[in-house]
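Work through the exercises below with the structure open beside you. Try each task before reading its solution.

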Amino acid sequence: KEVYQLIAAGEVVERPSSVVKEMIENSVDAGAKNITVEIKNGGSTYIRITDDGCGIARSEVKKVFISHATSKIKASDDLDKIGTLGFRGEAMASISAVAKVQLLTRTPDEEIGTRYEIAGGQELDFSDAGCPVGTTIVVADIFFNTPARMKFLKKDVTEANAVAGVVERIAVSHPEISFRFIRDGKQTLITSGNGDLKSTIYSVFGREFANSLIPVDYEINNMRVSGFVTKPSMSRKSRGMQFFFINSRLVKSQTAMAALEQAYRNSIMVGRFPGCVLNIECNSSFVDVNVHPAKIEVRFANEKPVFELVYYGVKNAIEMLDT
Ligand code: ADP
Ligand code: MG
């Protein structure tokens, strides 16, 4: 691999949790109903993601690992209305540049699946394999060929917790998908995939948080906000339990956060924060997700209607509680 490729890879592959995020998003984009994430040693030595999505046709398998190869964008104007989580075609190429990757996959049309192995960008195997429809990808020994980068990995527990955080957030943003998370052989999370947000929140964040929630469902300016916020009495010391999604994509939005907190003004103490799981549905041309490599930060064509949406949606929900 050339140096510039390894550098580019670093923008996507920072640590095990970033690898897991990219791979789960691919499974979601593939239409999976069940996704299992397994890690060992914080994910630094072993990550396995299994899905029952559409699979990858034999003729397409090698393209997965070619930079800027994406099956999700056909024309440049698709960039204005991105419906899938991925679109850069960068993640798998980057991951295979700095780790050992094994892939098993089969599409519904194929009788026999494909096994592919690539390590540090070096192709090692491409053969027939018996496997169910869907995709399993194992990523082993992240940064095995870039020891300087490996040194930046934190303790296994820290990395594992970061991976758990990613799985949790994606699981609550997709209640219609069943997620399992296995950490060093122990299953630590399972969601039903029955589509119910409240019960998914319960499975992921526990009873205390789930029981502190009041529902939000509000439409204005051609947008909708729905989900849950915590009762003012259940405010927390940090913003760690504020989750915003735009069209089911986890995002950071300063505007949404400010609107949320403004709606609670007067009802919670200074230095305490509401929690929320809120999904904003809007026309995807209204959102620019193309700002950050990790695609977390979003900007809106116009922030004001978003502020209004969240502010009034949350304020109404809190007021309903008082009456
Ligand atoms: P992007 O998601 O931006 O298209 P990636 O590098 O993440 O780029 O993935 C490259 C391509 O590999 C995807 O466009 C998709 O066609 C294929 N792919 C990756 N993971 C899966 C999966 N789990 N199921 C089906 N296809 C996949
Ligand atoms: Mg992707």
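This is a predicted model: local features need pLDDT of at least 70, side-chain atom pairs count only at pLDDT 80 or more; totals for chains, interfaces and linings use all residues.

**Exercise 1. Overall make-up**

State how many helices and strands the protein has, and what share of its residues is buried.

Solution. 
- Start with the secondary structure: nine helices and 15 strands.
- Next, burial: 38% of the 323 residues are buried.
- Last, contact range. Take the contacts between residues at least 6 apart in sequence; 66% of them join residues at least 24 apart.

**Exercise 2. Strand β7 and its partners**

Work out in which sense β7 pairs with β1, and in which sense with β8.

Solution. 
- Begin with β1 (residues 34-40) and β7 (residues 178-183). They run parallel and are joined by six bridges.
- One residue pair here is Ile35 with its bridge partner Phe179 in β7.
- Now turn to β8 (residues 186-190). β7 pairs with β8 in the antiparallel sense, over four bridges.
- Arg180 has Ile190 of β8 as its bridge partner.
- Finally, inspect the connection. β7 and β8 form a hairpin, with two residues between them. Asp184 sits in the turn and has a positive phi of about 45°.

**Exercise 3. Helices α2 and α5**

Decide why α2 and α5 count as roughly parallel to each other.

Solution. 
- Take the geometry of α2 (residues 16-29) and α5 (residues 156-173). The packing angle is about 25°, and the axes are 8 Å apart.
- Apply the cut-off: angles under 35 degrees count as roughly parallel. α2 and α5 are therefore roughly parallel.
- The hand of their crossing is right-handed.
- List the contact. α2 supplies Pro16, Ser17, Val20, Lys21 and Ile24. Among the residues from α5 are Ala162, Val163, Val166 and Ile170.
- Sort the contact residues: eight nonpolar, two polar and two charged.

**Exercise 4. Helices α8 and α9**

Describe how α8 packs on α9 and which residues make the contact.

Solution. 
- α8 (residues 254-264) and α9 (residues 303-322) pack at about 35°, with axes 8 Å apart.
- α8 passes α9 in a right-handed crossing.
- The α8 side includes Ala256, Ala259, Leu260 and Ala263. The α9 side includes Val306, Phe307, Val310 and Val314.
- By class, the contact holds 12 nonpolar, two polar and two charged residues.

**Exercise 5. Asp217**

Is Asp217 buried or exposed?

Solution. 
- Locate it first: Asp217 lies in strand β9.
- Count neighbours. Asp217 has 12 other C-beta atoms within 10 Å.
- Apply the cut-off: a residue with 12 or fewer is exposed. Asp217 is therefore exposed.
- Asp217 and Val314 are 97 residues apart in sequence, yet their C-alpha atoms are 8.5 Å apart.

Conventions:
Residues are numbered from 1 along each chain as its sequence is written. Chains are lettered from A and ligands numbered from 1 in the order in which they are written. Axes are lines fitted to C-alpha atoms, for helices over the stretch in contact, and angles run from 0 to 180 degrees between N-to-C directions. Angles under 35 degrees count as roughly parallel, over 145 as roughly antiparallel, 65 to 115 as roughly perpendicular and the rest as oblique. A crossing is left-handed if the near helix is turned anticlockwise from the far one by less than a right angle, and right-handed if clockwise. Two residues are in contact if their C-beta atoms, placed from the backbone, lie within 7 Å. Ala, Val, Leu, Ile, Met, Phe, Trp, Tyr, Cys and Pro count as nonpolar, Asp, Glu, Lys and Arg as charged, and the others, Gly among them, as polar. A residue is buried if 20 or more other C-beta atoms lie within 10 Å of its own, exposed if 12 or fewer, and partly exposed in between; C-beta atoms are placed from the backbone. Two strands pair if DSSP finds at least two bridges between them.
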